[in-house]
Amino acid sequence: MARDSLTRALRETLALFEKGGVPQTTTEVANRLDLGRRSTYERLARLVDEGRLNTKKVGGNGRVWWRPRKDRDRTSPDGEAAAETLTDDMSDQTWEKSTHQTDREQFKSLVDAVEEYAIFMLDPEGHVQTWNPGARQIKGYDGDEILGTHFSTFYTDEDQAVGIPAHNLATAAREGSVEDEGWRVRADGARFWANVTITAIRDDDGDLEGFAKVTRDMTDRREHEQELRYERDRLQEVLQTVPVGIGLFSTTGDIIQANERAIEILGIAEDEVDEYRAGERNIYDVDDNLVPPDERPYAQVLETGEPVFNWECQIEYPDGNRRWLSMNAVPLEGPEGEIDQIITTVKDITPLKEQAHRLERQRDDLESELENVFNRISDGFYGLDSDLRFSYLNDHAVELLDLSESDAIGSYVGDEIDLTDSFERSLVEAVEEGRSVVFEDYYEPFDAWFENAIYPSESGVSVYFRNVTERKQRERELRQYETIVETVNDGVYVLDAEAQFILVNDAFCELTGYDHKALLGSSAAMVVNEETQAAAGQLEAELMAGERERGSLEVDVQTADGETILAEATFAMLPGEDRRHVGVVRDISERKAHERELERQRKQLAALNNLNDVVRDINDMVIDQSIREEIEAVVCERLADVDSYEFAWFAEVDLHAQSIIPRVEAGVDGYLEEITLSMDADDPAGRGPVGRAIRTQEIQVVQDALTDSSFEIWRESAKTYGYRSSAAIPVVYDDTLYGVLGVYADRPKAFNGEERDVIAQLGEIVGHAIAAVDRKQALISDEVTALEFAAFDILDTIGLDSDVDGTITFDRTVPIGDGDFLEYGTVDEDAIDTLEALVDQLSHFEKMTIVDRGADTAQFELRLSEPPVVSAVAAHGGYLQQSRIEDGDLYIGIHLPPTVAARQVIDKVKDAYPTANLLKRRQITRSDDTLTQVQRAVTDDLTDRQRATLEVAVYSGFFEWPRKATGKELAELLGIAPPTFSQHLRKAEQKVFKSLLSSETPA
């Protein structure tokens, strides 16, 4: 049988016998394989059956020895078998017995035919005398260069230094042969791992004639063995790491290998692992019936050859306890397809079974309860479906909750009832954990306490509740009269007339950190300060005078390790004339922290409600303002009016001058004059919230002005003006920064979560309002800032031919929302190709349409998407007066409100067109003729959408006959529905005609 037909396990075992053929016992092999003796014996017996090993018992104790067969494939001199035959023959000194010349020649031929082994002769001093092809292949020397050389040449320098070559020769001469493994050196200096046998050759008189040396390159096999050991170790690590038990059993039921989890689950003692057999434990099925061994997974696999999965059972341990297990059993086949071994996995599912049993019991209890629920309910009751919508309310629930049953049914519970935090938590707990929850809760809208019981089911939850306010009041009154009985788990002490401790309990010692010996006889000043002692003395005087029955105060208990614990001390005088009093001390630090957190949450909720009201009010109020100053004042005053905030201010930002200009304060006087603000990141004053808000254009908050390191330079101002947290909100619209809004609160962590998100919206709301006012001012104001630019050779700059005879004129720009604009103008016939080339070349020129074509000129409509100059001008409330491209040069005319810093727009133009030059910048007063007055009156009445609709209709030829554009086409152009377009157009027409026909219209 070929070697490759062996299983991996058998090949691993056989490899242990291929180093010199030394016999080994079962125990020795088992130790080298790290296996049990039974499994090792089975492997060795299989190798005997395969003809790979010989075995026999020797000695009085009958120990079994195993060694490889020497007669394997001796018929051929080729390959590994021939080499091993030569090795064995030389080991047995067969060669020296081959006295006939013919035998010697045959033997030499056999040696020369072997290439897997280096076989050569040494003289008695160790010099090489013969050299076979295998030696040349393994060691790399030709015969003529190695013959006569001492064999120590093949050893490493380290081995030569310690005399190993001489030692091996001496050992072989003394004992007949010696076998060694170790590193050897080839002719090129490379190392290889070798198995070496040196055999002494003697004549008939016993005189030493030399040595026969057989060397085999074992490098590949050594690496293979290391890989096998590595894989085996890794497999062992995996087996010990997995959370399930894994065991390998033989077909006779013996345990071959098992991980620790399997041993633990099966309850096998450490000294019983090798003797454990499948089926030793009693196994019970899900119905608590004993399962015979032949019906268990192991036996089923042996019988059918099919795996068994997820077999649930109970295992009984020797002490009578049982655990639930889930078992899998899978057969492992041998080389002939027979079942060789069985791998079994076991998992402890007892917790899952117990949980399922609890759930079943709860379900049964709930079903039993619900059978009579409607007959016994005397309290408030309502049912919620799986989406927490009301499905039923009894009369008492309707009355207590002040609900309309018809309106509530089908509604989400949170929409009809203001749920408390504890109720929401309990509701989630009941639904997610599938168990009933009973709790008491204070419901502020009714100023009452309720006892609530929430029962989950597959279809939803049932809620029972009753008013227990009177009971809670009685309990509260009862607690006021409780003394030692109620507080036995708290610190208890007794002081004499000199305020020295004469009794303390263990809880008091644990609280203070002192032992009984340290406290007894010591003064109370040891654990409380003078202020507390004075307050306690006053209460004690009132107790002695009969003015009160009990004294109570909050104290700072000073512990032995120097810490301070907030506690509540309750005490009373003991009967007698010696002025002794007994007290109970309770640690209330956690309760106080909880109360502070509840108060913080309450304030934050109130602040959020106030803030939402403020945002709505501001949103409504800023629409009615006609100038920027009014908008800024309204915002600050409204924020300062609510209880949640101390004061607010607004400052303008000049990015070009790098300055912050205060404009308005509310709720405070002179704050901005006292503090230093900067937008420079290198300036400490610029690294605060205001500077960061300007640089990032995002809201920046300080949650605690008294501890935040970035707020250190303003900390004294925070103490002076009484605030703990602040928010700096950039007022931004369409990438234009109009200023910064500052808001201050006396609460730490005020601007957090939802409150932060809401107040951050003010920046965009106010920015939008300011931009709208600026645009309106630019349209109706007598005074405007006029800017004129020229960008010479603009067509060359963007890669187009500048030799154009015609002119392109941009007459009117209409904003249509989402950063898009419609540009209307005229183009000479000779310049139409240039306009189309511009559309292809410039990313913000999206689409051009010729609206009307004349003999020499054409009217066009150009759709723009976020054009840099047009967007910047519109964001600052201005408009393009007129632009044109003539003789390859671009000329731009811009009108801005006088309140806008022109420098920002100038920078935007130069960013967009680096070759642009500012030709003129002047303040102009527009003419006051009747047409201008009518235009301003009309503009003042129209909304932005109405104005855009009307302008698009006019410049697209909607009012001409025949129409050059339909209402449907213009609606699609504006991104609105046709009915919406018609509605905006009608309202715009109505306002225009009303303004024209009004008696107030200038004559």
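**Cavities, a helix and a strand residue**

The lining of the largest cavity divides into nine nonpolar residues, two polar and one charged. Here Ala, Val, Leu, Ile, Met, Phe, Trp, Tyr, Cys and Pro count as nonpolar, Asp, Glu, Lys and Arg as charged, and the others, Gly among them, as polar. The model is predicted: local features need pLDDT of at least 70, side-chain atom pairs count only at pLDDT 80 or more, and totals for chains, interfaces and linings use all residues. Residues are numbered from 1 along each chain as its sequence is written, and side-chain values use heavy atoms, with hydrogens and water left out.

A cavity is a set of points, on a 1 Å grid over the protein atoms alone, where a 1.4 Å probe fits but cannot get out; lining residues have an atom within 4 Å of a point. Grid points are joined across faces, edges and corners, and a volume is the space filled by probe spheres set on the points. By this rule there are four cavities of 30 Å³ or more.

The largest cavity holds about 170 Å³ of space. Its lining consists of Tyr382, Leu401, Ile417, Leu419, Thr420, Phe423, Asp441, Tyr443, Phe450, Asn452, Val463 and Phe465. Strand 16 (437–443), strand 17 (448–457) and strand 18 (460–467) are the elements that give two or more residues to this lining. Helices (H or I, at least four residues) and strands (E, at least two) are DSSP runs, numbered from the N terminus.

The second largest cavity has a volume of about 100 Å³. Its lining comprises 16 residues; Leu677, Pro689, Val690, Phe711 and Tyr744 lie nearest the centre. By class, 12 are nonpolar and four polar, with no charged residues. At least two lining residues come from each of helix 27 (689–696), strand 27 (725–733) and strand 28 (736–745).

Helix 25 (residues 628–641) has 14 residues. From first C-alpha to last it reaches 20 Å, close to the 20 Å expected at 1.5 Å a residue. The expected span is 1.5 Å times one less than the number of residues. Helix 25 is mostly covered, with 10 of its 14 residues buried. Buried means under 20% relative accessible area (1.4 Å probe, protein chains only). Among the buried residues are Ile631, Val634, Val635, Cys636 and Leu639, as well as Arg628, Glu632 and Arg638.

Ser326 lies in strand 12 (residues 322–333). Ser326 is buried, at a relative accessible area of 14%. Leaving aside neighbours within four places in sequence, Ser326 is in contact (heavy atoms within 4.5 Å) with Asn310, Trp311, Glu312, Thr345, Val346, Lys347 and Ile349. Ile349 is 23 residues from Ser326 along the chain, yet their C-alpha atoms are separated by 6.5 Å.

Technical notes
Buried means under 20% relative accessible area, exposed over 50%, partly exposed in between (1.4 Å probe, protein chains only). On a 1 Å grid over the protein atoms alone, a cavity is a set of points where a 1.4 Å probe fits but cannot get out, and a pocket is an open set with protein on both sides within 12 Å along at least five of seven lines; lining residues have an atom within 4 Å of a point.
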